[in-house]
Amino acid sequence: MGQFIQFAINGLMSGAIYALIAVGIVSVYKATKVVNFAHGYLIMFGAYFYFTFAVIIPGQDWAPAWLASWKPDWMVEMREGLSMFSLLGAVLDWAANVPRIICGLIGAVVCNAILGRVVERTLMRPLMGQSVFAMIMVTVGLISILSGSASLIWTADAAFVPHIAPNTPIRFELFGSMIFLFGADIVNMIIALIIFGSIVAMVKFTKGGVAIRATAEDQSTAYSMGISVPKIFSRAWVLASATGAVAGAILATRNGISPSLGLFGFSVLAIVLMGGLDSYVGCFIAAMAVGVLEAMTQWKMGGEWAEIVPYVAVLVVIIFRPHGLMGQKEVERI
Amino acid sequence: MINGNLKATYGADERVLNNRNKQMFVFGSIILLALFPLFADDYSVLMACKMGILLIAVVGVNVLTGYTGLVSLGHGAFVAIGAYSTVIFSNLFSGLPTGILPFIVVPMAIAVSALTGIIVGLPSLRVKGLYLAVATLAASFIVKFLIEQDLFAPWTGGIVGIDTPVPSLLGWELDNKREMYVLITALALGTMLAAQNLFRTRVGRAFIAIRDRDYSAEILGISLLRYKLMSFAISAGYCGLSGALGAYFFARILPEQFGLDLSLELVAALIVGGMGRTLGPLFGVVVVMLVPELIKISMAAATGGSLELARYTGPVQEIVFGLLLVFFLLKEPLGINQITDRILRSANRWPFARG
């Protein structure tokens with residue numbers, strides 16, 4: 001039982017990150033009816049941008065010393081006399097990294113937002129009004145372009161990336177069994193949930209969100225009601241790649257940086273289809289379910305089998321519910 | 001339509017090569033292909049063989065995506081199943097005389113591939129378009145994962161791959177690349193002709209009707225269940241043949257050869273060449289295979305063969321591959337076949353307006 005709870009909690013934490021990635025795919029789909037196959041590679045770019053701004057730039061000679069490692073006098077004083085693994089020590093270690101974490105996050109979000117906008121302007125905008133097949137295939141072509149560019153730009157071996165939050169181990173008792181967690185994972189989960197929640201709230205309650213939903217409902221009607229559809233398109237792409245940057249930064253601290261981060265996007269694509277392409281709630285449920293299922297598979301069958309869990313799950317769900325768990329059924333006219 | 005061709009009989013109108021220019025193009029190409037191994041060097045023959053193998057698979061994707069309108073991003077898996085079944089059955093029936101082994105093993109590999117195609121195609125009855133693309137993608141990830149498992153390693157060799165047998169057709173050992181070239185070219189031409197003729201039959205017409213509008217097709221009395229699954233089976237069968245030839249051609253097969261890259265390459269070749277056209281796969285494969293090769297040669301010439309810069313070749317090839325796909329989707333969605341059509345048409349009407 002104790003292990004079950006432990007793995008379930010681990011699963012929920014990775015599920016939250018899946019949800020954060022899924023929100024990018026769903027936002028783009030809702031606004032533009034395009035499923036972005038290259039979203040995983042946008043996330044990979046986010047991870048590399050985080051690496052650039054949090055590790056490479058502070059490491060340069062011209063960068064100020066406080067950026068690489070922030071150690072004011074009072075912090076050094078507090079650090080003295082602490083034991084190796086104390087909670088305060090971990091927090092202080094993290095505090096020294098705060099400037100470069102902030103620099104990394106801001107840099108990653110800004111650069112990725114620019115990247116998303118460039119992609120939208122150069123590749124998606126010329127295809128507006130064309131068949132959905134062509135648009136989707138363009139995102140497939142984008143996969144090769146992005147992964148090739150990443151290995152062209154960042155040839156250096158990926159090094160350590162600073163955790164976003166103090167990575168202190170936490171133990172507590174739940175239902176009479178010990179649970180063991182890392183602080184950074186909990187903070188990652190909270191960040192993911194906050195971003196997910198605020199995007200859902202934005203789409204639901206703000207004026208821009210209503211415009212996105214109107215465009216999703218019917219593009220030409222939205223156009224004639226005075227909504228600038230091209231603007232909605234680029235907003236959706238910018239939103240998706242900015243959230244992707246945060247997801248990329250989190251993934252980089254969890255799994256390390258490599259071009260194979262892009263493959264993550266495909267399992268999230270499977271999750272999104274499972275939940276229903278146009279439903280935030282469905283995707284959230286699917287992401288959590290797949291996260292937990294993956295953790296359980298890891299526990300019972302070993303880590304390797306966990307990697308195909310999303311694909312098996314999506315095939316099973318699609319056969320019984322063709323539009324996902326909570327997706328809207330498309331009405332077709334002949 | 002004034003197309004400059006006088007047809008005096010129905011027979012002449014129904015021919016595959018229904019005008020002089022097409023005949024000259026096709027027969028000229030066949031003669032060139034026949035003469036090719038006599039003066040080409042080993043590397044060119046190797047490239048030609050790889051193109052032929054890829055071509056057969058792309059013809060298969062064309063049946064499904066180009067003619068039936070079902071998008072698949074997982075056809076690399078069918079090629080993998082064809083290749084691995086060939087090796088596994090060759091090892092299983094190693095007691096039989098080697099001369100007749102390929103005649104048993106290859107049809108069985110095609111059958112296994114087609115059967116898998118039917119299973120993967122089952123969701124196509126309920127989902128379409130994008131959902132189907134993701135379903136096939138998921139299926140291909142699962143197939144590749146199963147091949148890599150230690151559980152099946154005694155048969156598949158697991159992640160390190162497995163050695164492949166040398167084919168022998170009734171005592172003719174195909175142990176060098178030139179002999180393989182003959183077999184591959186003949187089969188590639190055969191499959192293209194078969195695909196061309198398929199779409200002059202009842203089944204092929206049904207596929208096209210489904211592509212154009214599946215509900216309308218159903219109202220016309222075309223069973224979607226039957227024909228969609230048939231399309232999946234035929235398409236997977238072609239890919240299985242391609243995989244079987246690949247297994248005979250390469251000395252060793254590895255699971256990585258059949259990953260996402262292969263599936264994307266198949267679809268990209270089809271889009272670049274022209275979907276739903278007989279010669280589309282041919283043009284697409286030539287471009288998709290030759291362009292990276294040209295980049296490699298020109299990069300080697302530009303950098304003077306320095307190892308320092310050689311590692312940029314792979315990423316540049318990848319980027320150009322993506323740009324090719326995007327370029328054709330944006331500028332020439334009907335592919336190279338549309339360009340050659342225009343040229344052929346203007347040749348036909350010469351000296352009148354091109355139109």
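**Chat on a predicted two-chain model**

Trainee: How far does helix α2 of chain A reach from its first C-alpha to its last?
Mentor: Helix α2 (residues 39-56) of chain A has 18 residues and reaches 24 Å, close to the 26 Å expected at 1.5 Å a residue. The expected span is 1.5 Å times one less than the number of residues, and helices (H or I, at least four residues) and strands (E, at least two) are DSSP runs numbered from the N terminus. This is a predicted model, where local features need pLDDT of at least 70, side-chain atom pairs count only at pLDDT 80 or more, and totals for chains, interfaces and linings use all residues. Residues are numbered from 1 along each chain as its sequence is written, with chains lettered from A and ligands numbered from 1 in the order in which they are written.

Trainee: Is α2(A) mostly covered or uncovered?
Mentor: Mostly covered, with 16 of its 18 residues buried. Buried takes 20 or more other C-beta atoms within 10 Å of the residue's own, exposed 12 or fewer, and partly exposed lies in between, with C-beta atoms placed from the backbone.

Trainee: And where does A:Lys33 lie?
Mentor: In the loop between α1 (2-32) and α2 of chain A. A:Lys33 is partly exposed, with 16 other C-beta atoms within 10 Å.

Trainee: Switching to chain B, what is its secondary structure?
Mentor: Chain B has 16 helices and four strands. Buried residues are 43% of its 355.

Trainee: How do the axes of α3 and α11 of chain B cross?
Mentor: Helix α3 (residues 42-67) and helix α11 (residues 224-249) of chain B have axes that come within 7 Å and cross at roughly 170°. Axes are lines fitted to C-alpha atoms over the stretch in contact, and angles run from 0 to 180 degrees between N-to-C directions. That makes α3(B) roughly antiparallel to α11(B), a label for angles over 145 degrees.

Trainee: Which residues meet there?
Mentor: Among them are B:Ile53 and B:Val61 in α3(B), and B:Phe232 and B:Leu245 in α11(B). Contact is C-beta atoms, placed from the backbone, within 7 Å. The contact divides into 16 nonpolar, five polar and no charged residues. Ala, Val, Leu, Ile, Met, Phe, Trp, Tyr, Cys and Pro count as nonpolar, Asp, Glu, Lys and Arg as charged, and the others, Gly among them, as polar.

Trainee: How many residues does each chain give to the contact between A and B?
Mentor: Chain B gives 32 residues and chain A gives 35. On the side of chain B, α15(B) gives the most, with eleven residues. That side has 27 nonpolar, two polar and three charged residues.

Technical notes:
Two residues are in contact if their C-beta atoms, placed from the backbone, lie within 7 Å. Angles under 35 degrees count as roughly parallel, over 145 as roughly antiparallel, 65 to 115 as roughly perpendicular and the rest as oblique.
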